Amino acid sequence: MYEHRDVRGLIPHGTALVVAALAALLLLPGTGMAQDREVVYNQVTVSSQEAGIELEFVDGSTLAVAFREGEVRIDGASVGGYAPGGALEASWRRLLGDAVAGDNGEVVRLLASWAPPEGLDGASASAASALHDELQRVVTPGAPESPEPIRMTSLEGDEDLLQLLLIEPAYLRSLTTLALDGTFRPEHFVLNDDLRIEAGESLVGSLLALDSRIDVDGTLDGDLVLLGGLLRLGEEGRITGDLRWAEGDVPDDRSGVAGSANAIDPVLGLSSGELQDRIRSEVRAATSDLQRTTRRSSRTIGFGSGVLSGLAGLLQAAVTFAIFLAVGLAILHFFPRHIDIVSRTAANAPGRAFLVGVAGGILSMPIWITGMIVLAVSVIGIPVLLLWIPAFPIVVAGAMILGYVAVSRNVGHWISHRDLQGLDGMDTTRPAVQIGVGLMVLIGAFAIASVLQIGGMIFSPFAFLLNLAGIILTVGAGSIGLGAVLLSRAGRDPAFAGDAHAFSDPDFDPWAPSPDPFRSTPGGSARGNPDPFAPGGEDPPTAGPEADADPADGSDPNSGEAPR
Amino acid sequence: MTALRWSLGALLLLPLALAGGEAGAQELTTAQFERRASGESSLSVVVRYGAGEFELAPAASGLLYRAVLHYDEEDFEPVHTFSDGRLEVGVEGTARSRPLRQSGSDARFQLRLSRTVPQHLRLEIGAVRADLDLGGIALTGMHLSTGASETRIRVEEPNPAEMDQLRFAVGAASLRGDGLGHLNARRIQVEGGVGEVRIGLEGLRREETEVQASLGMGALEIRVPEGVGVRLTRSSFLSSLNAPFLERRGDAHYSDDWETADRRVRISVDSALGSVRIARTDG
């Protein structure tokens, strides 16, 4: 099968077709192309409005390309238009996306290899052509270098090579592997022939042999790729580069090979269906790896979640305080008499207010539903039903807020009678200040718990206890407040509010300092108008339900209203 | 704060509902700044980043730096200047910035820095989740200043340069650093407000390293490799110390190999409220 040839008889010859075929297979894009100009700086911007790139070359020159508002601009000058969302813009954005996604500074290579999409017309086509030409001119100046001529030692003709590649697809796949690898540069080529390098002789350059017998008793100064055929390596035979083979016989003793010696793992020749399945499985595997990585990453970096949640809790407490303070000040401004009566009711009858509030809270939902049913079954009530459904919850929520703010004021008032540092600079006689101080106390437990949460696990028990205290305070204040609102009929009935209140004067300024909103005013009743929070002897004898103002005769001792 | 949400839920429902919901989907802008190394002898890097995710890692061969920013152009604009060996990069808010919750959630910032050019790194980051892989980057100094952030630092390769000072100033944040010994820093300084600071000195190779840590409230953990002598001095108000391998002698705590170790760490801790833990680690 092999026709022996001596290395001295090597004559480079061949045909353009084989040169082209091998060049295409063995020379990767770029390897034989012109040297890209060195870019020292690039800036890519991709937004909904613009997709552009700026380049600065090593010689100081620059290039700026921008797709913006339907125009393609090169160095600021328009070279044509593009259809937003069209093929040209999509291709350009994809290019820039690849440039950003890569992590190895491959912008120039990407720009050099960019080609406009087919099927463009009109302004888009001219813009794409101008852009492509400019990129080729600026990024890759000079014509592509011609590949090194491949010296062929033996070739029977084009048909032999093509026939062999068709008959032996493993060769083609092996060549593809070599092409993808990109490191093999054959300078000599042997096909279906016999080549001997005699002792003392050298062949300089890498050798590709297909279905050939290669005898090396001298030196092959380069790599050897053997596809089919046979390699015999003499005792003095040397291959200075790598040896790679497929479907061929190579000696077991490859000590004469200075480089690596490996069989070629040809790329797989898969059907389109098999290829699709393979891509699917690889995508699934990659996605799974990504998910695992993401989960692992989130686990490793989540050690300090207490800080963020604690800060979020602190912020939430602050926002809650601000909202309630704003609502409280608004109520104080617009309904000063009502909030005063609710406050007095909560202070004078806290036990009764608490029970009424709890009952009201529990019964509110059944009342709402019952109301809906009654209104629905009575055909005449259907129009009212449309109002009842949203209005009732709003009224209940409003009552709870009013009651909560009123109780906050009571708490603030109580605090103002304590000799506490930090309150020295405040005029705690003002109802507004009292509301603010009370809200700080009621919500403060949650805020402090959040601060402790930031401190880490060591403070968790304290944070838990503070949260528990906050819940108890909030539920208690909310229930008493709601009950006080119900007892006072939203602050309109002072029956349980103790003595006559300060707002009997219609010209009363709710923002002005008040000596004591729970103290009797001139003309107060015989009950003495007790201040339930006043220090010392001013404390009421009792503060429980049994002490609630509930005149035996049913009359209101403060207002003189008729008994109900 | 779950408790507050539940207990005040009914009352808060209305105002919170009126406060508005989440913003619409973000349209992120991508900006990349990439420069090849061209004979720079040193580099000073300043990073300013307010919100989002931040990732720092070594650059590919030949690159001086590479910054890729994904940000909401409605609220932020990129900052990038490079001159005289000084790089300033990051994003800054615009006047029309929305609340952080709405605008910074998907923002990302990837920074790659040269392995070969010696550089001083200054990071000023806010509400950021940061992942810093400093392995192999030539650092002569580093200053990390954070607000409410979660920061993870990994160093798995030695610093080719010698670092004078490694400084962390953390507000209310979590900071975790592994392999900080690889950074070859003469002094490591940690200033913490509230939060959790955990640093490991794996890879330590200097004969003498100084660690100064002050923490207002929270947990501080310092891991020292086996075979490294430790001397600890502490000033605290209400904080606990957990250092089972240290023995108190006079005003300081010493490891039993303090006199014989060829590498030593002097740790000074000032903690107001919280816990301090000094532990041994491999490496």
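Reply: Start with exposure: buried means under 20% relative accessible area, exposed over 50%, and partly exposed in between (1.4 Å probe, protein chains only). This is a predicted model, where local features need pLDDT of at least 70, side-chain atom pairs count only at pLDDT 80 or more, and totals for chains, interfaces and linings use all residues. Residues are numbered from 1 along each chain as its sequence is written, chains are lettered from A and ligands numbered from 1 in the order written, and side-chain values use heavy atoms, without hydrogens and water.

Me: What makes Asn184(B) buried or exposed?

Reply: Asn184(B) has a relative accessible area of 10%, so Asn184(B) is buried.

Me: What is the phi of Asn184(B)?

Reply: Phi of Asn184(B) is near 60°, a positive value in a residue other than glycine. Glu247(A) also has a positive phi near 60°. Most residues other than glycine have a negative phi.

Me: How do you know that chain A and chain B are in contact?

Reply: Contact means heavy atoms within 4.5 Å. By that rule, 49 residues of chain A are in contact with 48 residues of chain B.

Me: How many salt bridges are there between chain A and chain B?

Reply: A salt bridge needs a side-chain nitrogen of Lys or Arg within 4 Å of a carboxyl oxygen of Asp or Glu. Between chain A and chain B the count is zero.
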